[in-house]
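I opened my notebook to look up one residue and one interface. Here are my entries, in the order I made them.

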Amino acid sequence: MRHIISILMENESGALSRVAGLFSARGYNIESLTVAPTDDPSLSRMTLVTSGTDNIIEQITKQLNKLVDVVKLLDLTEGPHIEREMMLIKVKATGVAREEIKRLADIFRGHIIDVTDSSYVIELTGTGEKLDGFIQALDGKAILEVVRSGVSGIARGAKSLKV
Amino acid sequence: MVLELTGAEILVRALKDEGVEYVFGYPGGAVLHIYDALYRQEDVKHILVRHEQGATHAADGYARSTGRPGVVLVTSGPGATNAVTGIATAYMDSIPLVIITGQVHTWAIGSDAFQEVDAVGITRPCVKHNFLVKDVKDLATTIKKAFYIATTGRPGPVVVDVPKDVTAQVTEYAYPKKVTLRSYKPVVEGHPGQIKKAVELILSAKRPMIYSGGGVILGEASRTLTEFTRLLGCPITNTLMGLGSYPATDKQFVGMLGMHGTYEANMAMHECDVLLAIGARFDDRVVGKVELFSPGSKKIHIDIDPSSISKSVRVDVPIVGSVGNVLEEMIKLIKAAKKQPDKAALAAWWKQINQWRAKDCLRYDHKSKLIKPQAVLEKLYQLTKGDAFVTSDVGQHQMWAAQFYKFDKPRRWINSGGLGTMGFGLPAAMGVQLAHPKATVACVTGEASIMMCIQELSTCKQYGLPLKIINLNNRYMGMVRQWQEFFYKGRYSHSYMDALPDFVQLAESFGHVGMKIEKPGDVEPALKEALKLKDRLVFMDFITDQTENVYPMIEAGKGHHEMHLSPERELA
Ligand SMILES: Cc1ncc(C[n+]2csc(CCOP(=O)(O)OP(=O)(O)O)c2C)c(N)n1
């Protein structure tokens, strides 16, 4: 099963490589991983998407907790949560396709943030599925470049992952 | 008054304030300021090894035999890489070490400078934690954190990488008495509900079994474990790492378990109905094939490391906490419980176990014209009255030492169980001898293993360490030969040790006493003579039977009930 694990860790150099190293050394898979400092500059927040049997996920969370730099950890998929991913996509936009792509971007609530006479850059936010859907809806030949941020997630409700 | 010191002075002063007795190390460019600071004081004693691997193993032996953290100091680049094997060895066996590695100047980091390696990166997968100190102001606190992390929770090695310019900068020195880390809070107390459940389960058992490991020794819980086991009256087995945590001469002890464990220990593991694992981690050499492991038992597991629990074998009642605390709670509950161990069921269980014992699975040929390695170890045990410190290398000799030297006390048996590092025995023995200057310290080794850190004979001479080296010389990498005999139809690919040195001359050239023993009748007199030489290192080269194998043996991937016994036993 797919799990989204949120990690609060010390914002130390090398903290990211401890997590990445743990996953490669123990053969766990990482679908995506995002990391950035929080409102408290001494802490980084990491969102990690992985999959595995219950046993493996149990080991992953235990091994992550064992890292000395990890302050707190939450498996978001254990409760109601929100996940979002941002995509920047550069597409060929010439002739009739120009209008069509603009309409498609509107339907998906994307924004065109860069325009030339032959291309657009579109910004789109949503679940991974929505981003996949947009890519599917486009004519594959029109896609010049895709950049995805990886998933960020947060639990619903008033409870929060904080120190 | 404020005390202004250089980084190098701070480092040495911090070690002193931490109560460090010995630093095992080897100098080089990046640590010259530190060596200068060492020179200008007398509190912290430095032991100069002959290879950085030796430094880590020596510090490790010191730590294993005392319970105090071992300290290592090496230079950047090759100094750090040479130390890695010893760091990984300590990591696998959860031994507290603090390793200080020199680093190139902060401004040169990342420039492929002379003797630069990414020490933090290289050691990351084999340390509990590591630090790069970029500012001298952080140095004292980082050293404190390193000792704190290394020695608490599940212990382990911690590397502190210190750039050369940091050791030259000056700042105010104050050593913190205590540090707390918001991200690191080891659990000590076990969950009361789980402890209660565990006690109920044990008291309802008909065939209870205790399997305990190195965690009991690390947690200083041997005495508590002994009281607990006697209270229950059930059989107990120890892992290779746990030997000595329960007195081996006690009647409830059924020997070591696992790949080369006793018949009775492995059969009892297989047939028990409640299994209590204490400070042990269900290692693959202990468990064999997971699906066949102790199939009919309910399992309780006490461990300080949550990630050890249900890693390979699912357990029914996990308890996270320090083994000593948890066992003390359990003892209280058992003493207060109405229900007591089922005496009749226990008697039947012991009857069964004694039948397994009667197989006498460790028996070997006593009439051979060749020296049997087992006989040497049995004699060593008798002559030292079971009270020596015994270090070992890796191979058949290690297994025989574990089987034939009966350890009644913890911290007496010093071996690399997890990583299985050949070369460990001699340097580890140096650390043990320094910590226990009056004790008999024997290093049981093989002619292949001893060659891996043989240079340390020179260190032994310099510091007058009177080790007794028991070299069981079978002219083979015996354990490799055994596997090749069993699983490769006797194709002994590169396991024969050709062109061996004359060990007697070799020992003498280092300034020690050498002995060569070739006849069974000479074993005892030679050992007696060597043990009498209290202030000399004696290298005893025992020419042993080349064909001897370690039994019993469970092949990798088999169950505990599928043991091979020695050919003589199979016939019996
Ligand atoms: C550093 C290292 N390299 C290789 C091995 C693999 N290995 C395990 S036992 C062994 C043979 C050891 O031979 P020896 O020291 O003579 O001991 P014996 O088995 O003959 O008692 C080898 C090569 C190891 N454990 N460690």
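I began with B:Asn415, which lies in the loop between β16 (413–414) and α17 (425–435) of chain B. I am working with a predicted model.

Is B:Asn415 buried or exposed? I looked up its relative accessible area and found 1%. The cut-off for buried is under 20%, so B:Asn415 counts as buried.

Next I listed what B:Asn415 touches, leaving out residues up to four places away in sequence. I noted B:Arg64, B:Asp93, B:Leu240, B:Met241, B:Ser392, B:Gln398 and B:Phe424. With B:Gln398 I also found a polar contact, side chain to side chain, at 2.7 Å.

Then I turned to the interface.

Chain B and chain A bury about 1,600 Å² between them. Carbon and sulfur atoms hold 43% of that. On the chain B side, I noted that B:Arg124, B:Arg182 and B:Ser183 supply 40% of the area buried against chain A.

I found three salt bridges between chain B and chain A. One of them joins B:Arg314 to A:Glu58, with the closest N and O atoms 3.2 Å apart. For polar contacts between the two chains, I recorded 12 residue pairs, both residues at pLDDT 80 or more.

Methods:
Residues are numbered from 1 along each chain as its sequence is written. Chains are lettered from A and ligands numbered from 1 in the order in which they are written. This is a predicted model: local features need pLDDT of at least 70, side-chain atom pairs count only at pLDDT 80 or more; totals for chains, interfaces and linings use all residues. Side-chain values use heavy atoms; hydrogens and water are left out. Buried area is the accessible area (1.4 Å probe) that two parts lose on being put together, summed over both. A salt bridge is a side-chain nitrogen of Lys or Arg within 4 Å of a carboxyl oxygen of Asp or Glu. A polar contact is a pair of N or O atoms within 3.5 Å; within protein, one must be able to donate a hydrogen and the other to accept it, and residues adjacent in sequence count only if both atoms are side-chain atoms. Helices (H or I, at least four residues) and strands (E, at least two) are DSSP runs, numbered from the N terminus. Buried means under 20% relative accessible area, exposed over 50%, partly exposed in between (1.4 Å probe, protein chains only). Contact means heavy atoms within 4.5 Å.
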